[in-house]
Amino acid sequence: MKQNIPCEMIRDLLPLYVEGLTSEESSRQIEAHMETCEDCRGRYLRMKEDLGRETDVKRKENEREIDYLKKIRKSNLRKVLLGIGSAFAVVLLALFLKLFVIGYPVDSYLVTYANVNEHMLAVGGVFYDSASVYRRYKLVGENDGNTKLVIYACLPSVWNRSGVFNLNIDLTEVGTDLSINGMSVKQDGTIVSRQANELFAAKHPYVGDMSANGRVAQLLGIGRALGSFKNELQTSEEPYGWTLNFENSAANSAVFEEQMKGYACVLMALTGNLGEVNWTYTVELEDGPQVRQGTMTREACSEWAGEPIETFAESPEAVQRLLDLTGVTKE
């Protein structure tokens with residue numbers, strides 16, 4: 001068969017042919033040439049083997065690179081998961097310590113007793129919430145220069161189920177007035193209840209301010225102690241008056257009258273221009289219910305208290321003295 005393409009040209013085209021890059025016509029010419037040319041056919045076979053080896057090497061290199069990338073990816077994924085797991089564990093540990101060991105500040109407790117013996121304050125309380133137990137306390141300085149007792153609670157656990165606390169605090173170490181959930185303990189040992197502090201803050205100058213009147217009556221607990229009532233105000237001329245018309249019958253008129261006199265004195269002290277407190281109520285007698293009424297003037301309150309009634313509004317301590325004198329504390 002006549003050779004149309006010389007060996008030199010075939011050898012130049014073999015690398016392209018081996019890689020499958022020649023045209024169909026050129027490929028037919030090359031194949032026809034190699035059928036009769038042993039030398040070119042041998043070159044082709046060697047090139048094909050070399051190309052196969054190079055392909056295997058590249059494939060293995062690619063496989064190794066892919067395996068390496070997979071390992072890197074798995075390693076990075078493990079690190080990410082480990083980091084997330086560690087962060088989650090830290091959060092859980094911190095939450096556990098906060099809720100069960102360190103505790104958190106609370107105000108949801110009732111002071112059950114407080115007394116001062118020389119310079120030692122004994123104070124105790126109980127939590128309103130059964131899900132809280134006592135953990136510890138801390139004395140914290142306030143902006144006004146005084147000190148606040150902060151009670152820390154935590155969640156109940158097998159090692160702590162106590163919902164009460166009993167503390168002994170050396171007032172000489174405190175060195176300032178001490179605030180305990182609204183109650184105040186003065187440096188001289190005087191204890192002012194939360195009720196007295198709130199009543200002092202609620203004092204107002206004008207009996208015509210019914211919302212302020214209601215605030216004082218609520219803090220005194222008049223409705224809880226003596227029953228619901230309706231109000232009447234007399235503000236057109238002096239003496240300005242406040243009348244409490246009780247809706248329920250009184251079981252004991254003597255007790256009712258004594259309590260109401262005490263409440264009237266506190267209302268008079270904390271309401272600047274109040275000159276007269278009146279009240280009406282019903283008492284059950286053998287011959288049927290009878291409506292009764294009572295009155296306390298500013299002069300009568302001052303005489304009953306032994307000093308001008310307005311002096312009891314000069315400080316929380318003075319309000320506390322009036323509460324102790326009248327015996328109308330809410331607690």
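Which residue stands opposite Trp242 in β11? In this predicted model, the residue that stands opposite Trp242 is Leu233, and the two strands concerned, β10 and β11 (residues 240-250), run antiparallel and are joined by 6 bridges.

These strands belong to an open sheet of 4 strands, which has the order β10-β11-β12-β13 and mixed pairing. Because β10 (229-234) and β13 (288-297) stand at the edges with a single partner strand each, one side of each is left without a neighbour in the sheet. From one strand to the next, the twist averages 15 degrees.

| Helix | Strands it lies across | Direction |
|---|---|---|
| α6 (residues 210-220) | β10 and β11 | about 135 degrees to β10 |
| α8 (residues 253-270) | β11, β12 (274-285) and β13 | about 165 degrees to β12 |

Another open sheet has 3 strands in the order β2-β3-β6, with antiparallel pairing. Its edge strands are β2 (109-117) and β6 (164-170), each of which pairs on one side only, and the twist averages 15 degrees from one strand to the next. Strand β3 (residues 120-127) is joined to β6 by 7 bridges, and Gly124 stands opposite Asn166 in β6.

Turning to helix packing, helix α5 (residues 194-202) and helix α10 (residues 316-326) pack at an angle of about 120 degrees, with their axes 8 Å apart, and α5 passes α10 in a right-handed crossing. Gln195, Ala196, Asn197, Leu199 and Phe200 in α5 meet Pro316, Val319, Gln320 and Leu323 in α10, and the residues of this contact divide into 6 nonpolar, 3 polar and no charged.

Key: Residues are numbered from 1 along each chain as its sequence is written. This is a predicted model: local features need pLDDT of at least 70, side-chain atom pairs count only at pLDDT 80 or more; totals for chains, interfaces and linings use all residues. Side-chain values use heavy atoms; hydrogens and water are left out. Axes are lines fitted to C-alpha atoms, for helices over the stretch in contact, and angles run from 0 to 180 degrees between N-to-C directions. A crossing is left-handed if the near helix is turned anticlockwise from the far one by less than a right angle, and right-handed if clockwise. Contact means heavy atoms within 4.5 Å. Ala, Val, Leu, Ile, Met, Phe, Trp, Tyr, Cys and Pro count as nonpolar, Asp, Glu, Lys and Arg as charged, and the others, Gly among them, as polar. Two strands pair if DSSP finds at least two bridges between them.
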